[in-house]
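Hi there,

Here is the structure I promised to pass on to you. Please have a look at it first, and then read on for my notes.

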Amino acid sequence: MVAVQETVDQVRQIDVDQYRYGFETIIESEKAPKGLDESTIRFISEKKNEPAWMLEWRLEAFRRWLTMKEPDWSRVKYPKIDYQDLHYYAAPKQKPGLNSLDEVDPEILRTYEKLGIPLREQEMLAGVVRPEGERRVAVDAVFDSVSVATTFQAELKKSGVIFMPISEAIREYPDLVRKYLGTVVPTSDNYFATLNSAVFSDGSFVYIPPGVRCPMELSTYFRINERDTGQFERTLIIADKGSYVSYLEGCTAPMRDENQLHAAVVELIALDDAEIKYSTVQNWYPGNSEGQGGIYNFVTKRGDCRGRNSKISWTQVETGSAITWKYPSCILRGDNSSGEFYSIAISNGYQQVDSGTKMIHLGKNTTSRIIAKGIAAGRSDSTYRGLVSTHRKAEGARNFTACDSLLIGDTCGAHTIPYIEAKNSTSVIEHEATTSKISEDMLFYCVQRGLSEEEAVALVVNGFVRDVLQQLPMEFAVEAQKLISISLEGSVG
Amino acid sequence: MSPLLEVRDLKVRVEEREILHGLSLTVNAGEVHAIMGPNGSGKSTLSHVIAGKPDYEVTAGEILFKGEDLLAMEPDERAAKGVFLAFQYPVEIPGVATMTFLRTALNAQRKARGEEEMSTPDFLKKVREVSARLNIPQDMLKRGVNVGFSGGEKKRNEVLQMALFEPSLCVLDEMDSGLDIDALRIAADGVNQLRDQGRAMVVITHYQRLLNYIVPDFVHVMSRGRIVTSGGKELALELEETGYAQYEEAAA
């Protein structure tokens, strides 16, 4: 029978089988011993062959971290993390100084192949005639704590774009890195960001020179593979005056019974007239149907619209992780700068999501727009938490916020916690919020027209998230749409 | 030849309360049957049970559609076999363009029947043709399904789907509710265009006025979960004069 109850039951049975990226790659790896103290940090820094200033920076962060307390204000519950019981560095064993993809361990290449991430430029370019105007995507593949391959680097370099693992950038472009690292998310920012500053291992570095429109989409694909390992990646993107870049990150991990910590930091800097579009398709392992295992995704992402007329846009599709705790934010410092946040957060099983954004209006005539869609099913709990703040000097600041929640079944929860601070009488702030359930009437209407119940739920959910999906780069919108279906599998075909 | 729809001694419960107490109805292809009755007589329950809405428990009797056991089929299966319910209150589906909805539904039905999916150009051609015939502006098809539609537009959207899916049995549930007389006339015109030798209609209504526009071959009066009397179209006019009271007593 078509009863919604049945859908709900099916959704509840969400099983590990449905996570399609849960395989493990058996590969020899080199790990730092478990535990965290100054020697761990020295170990990481040495592995990365870092200059002295970088080590100092890390140690300072570590010392500060020791004085900090793990935050407990979010609406998520998890057992205390034992920070001494983790590996802070894990890298596939490989020959030092890879010169080409051919030298990458074939097991790793196969892993990315299985994930559908193209790393071989040759293959990508060969054969098939590409439709006019289709853009290629350059990929930086991060496996546990190291970047294993970055494609199209040479071609990007021709236009002056730097796209490389941050560990390499620290060595090759120390001035650039030093100038910007930690200027958006300072080492003292918050517990997890500070931890990241101390132990971050790899991530991507992007620099777009003045006036350059990055000729292709850039993306980083993060994979956690090793057991008992935390992943602490650090991404730094700088769009110099008048430049443009679109960047996407994707994430997956094997299925494991224990929880794994992922504490990343992403910093974006847009100078005068520059634009950064940052999209995330997050599909870390969400845990099994009993709520066991899964990734703790505790991430600090922040963009600084430092220049006039600059623009930063965050788009995220969040379907994975046992716990998500992230608030991609924009500091609208430059006059006329604008920030956007488009989000789809889908939770099922026992997943917990506490996510949203902060829009800090500092400059004159700054604008921000927030569209957040939360879909909760199973026994999951989803919270939107947002801050819109207009400061004294932010004359003419404008914000529009819409948060919509959709509930499937009656054992999940949706919460909206918006904070609004207006310190300026000329600012205009709008907030709209709705919470709705996929009603039995809606499903019955669709099945009466011939759709199966699963098709009906998929149709309704896709309608619900449509205005956010439209914000994703074409290349990834399709992937995201598929992911949404998989996440709600059991109810969706 | 077996009748298109045969309802035999149907008893239906909703949450422990019996709503239909043994209802029988035979509808042949090409016929238009009106089912009239006061509020709470079980008219809408009948339409919902035919379409397969959940939460109704059939405790006795059967429904045969083209000789097959309709109650054994899932609602989407019934739709693919040619059962169409025009809703009294069509639901809104935000973010899903009407055009997308129509195509998804049509192709789902075709797939269930083992037919090929209709190609996009063929589909567009068909929708244009049907909507032109029903005077439905193209712009309505681009909007979200029923979102922000007026009462009249919602009903026309139902008629459009009926025309597009070409079902053999159309059940119209309180087609006239919420419509002014002009909107009613437009919707009824659409329905009349679809009257056909191969197609039957069951028109459920509280008021006689709808039957001025959709003229039935047979009229049945329901009261307290049963059909208490049946006749030709003149029965509806009689009812207009005498009201339902006499039947209420008869059924009690």
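Let me start with the place where the two chains meet: 20 residues of chain A and 24 residues of chain B make up the contact. On the side of chain A that touches chain B, helix 10 (440-448) and helix 11 are the elements that give two or more residues. Helix 10 of chain A gives the most, with seven residues. By type, this side of chain A consists of 11 nonpolar, four polar and five charged residues. Please keep in mind that this is a predicted model.

Next, chain A as a whole. It holds 12 helices and 23 strands, and 56% of its 493 residues count as buried. If you take the contacts in chain A with a separation of 6 or more, 83% of them are between residues 24 or more positions apart.

Then there is the core. Which residues touch the most other members of the largest nonpolar core? They are A:Val206, B:Val171 and B:Val203, in a core of 195 residues. Helix 11 of chain A (residues 453-469) supplies the largest share of this core, 10 residues. As a general background, nonpolar side chains tend to be buried together in soluble globular proteins.

Over in chain B, helix 1 (residues 43-51) is mostly covered, with eight of its nine residues buried. Among them are B:Lys43, B:His48 and B:Ile50. Just after this helix comes B:Gly52, which takes a positive phi of about 95°.

Chain B also has an open sheet of six strands, in the order 6-9-10-3-11-12 and with mixed pairing. Where are its edges? They are strand 6 (83-86) and strand 12 (226-231) of chain B, each of which pairs on one side only. On average, and with direction ignored, neighbouring strands of this sheet are turned by 20° against each other. Strand 12 of chain B pairs with strand 11 (residues 218-223) of chain B in the antiparallel sense, over five bridges. In strand 12, B:Gly231 is the bridge partner of B:Val219.

Happy browsing, and do write back with any questions!

Best wishes

Key:
Residues are numbered from 1 along each chain as its sequence is written. Chains are lettered from A and ligands numbered from 1 in the order in which they are written. This is a predicted model: local features need pLDDT of at least 70, side-chain atom pairs count only at pLDDT 80 or more; totals for chains, interfaces and linings use all residues. A nonpolar core is a set of buried Ala, Val, Leu, Ile, Met, Phe, Trp, Tyr and Cys residues joined through C-beta atoms within 7 Å. A residue is buried if 20 or more other C-beta atoms lie within 10 Å of its own, exposed if 12 or fewer, and partly exposed in between; C-beta atoms are placed from the backbone. Helices (H or I, at least four residues) and strands (E, at least two) are DSSP runs, numbered from the N terminus. Two residues are in contact if their C-beta atoms, placed from the backbone, lie within 7 Å. Ala, Val, Leu, Ile, Met, Phe, Trp, Tyr, Cys and Pro count as nonpolar, Asp, Glu, Lys and Arg as charged, and the others, Gly among them, as polar. Two strands pair if DSSP finds at least two bridges between them. Axes are lines fitted to C-alpha atoms, for helices over the stretch in contact, and angles run from 0 to 180 degrees between N-to-C directions.
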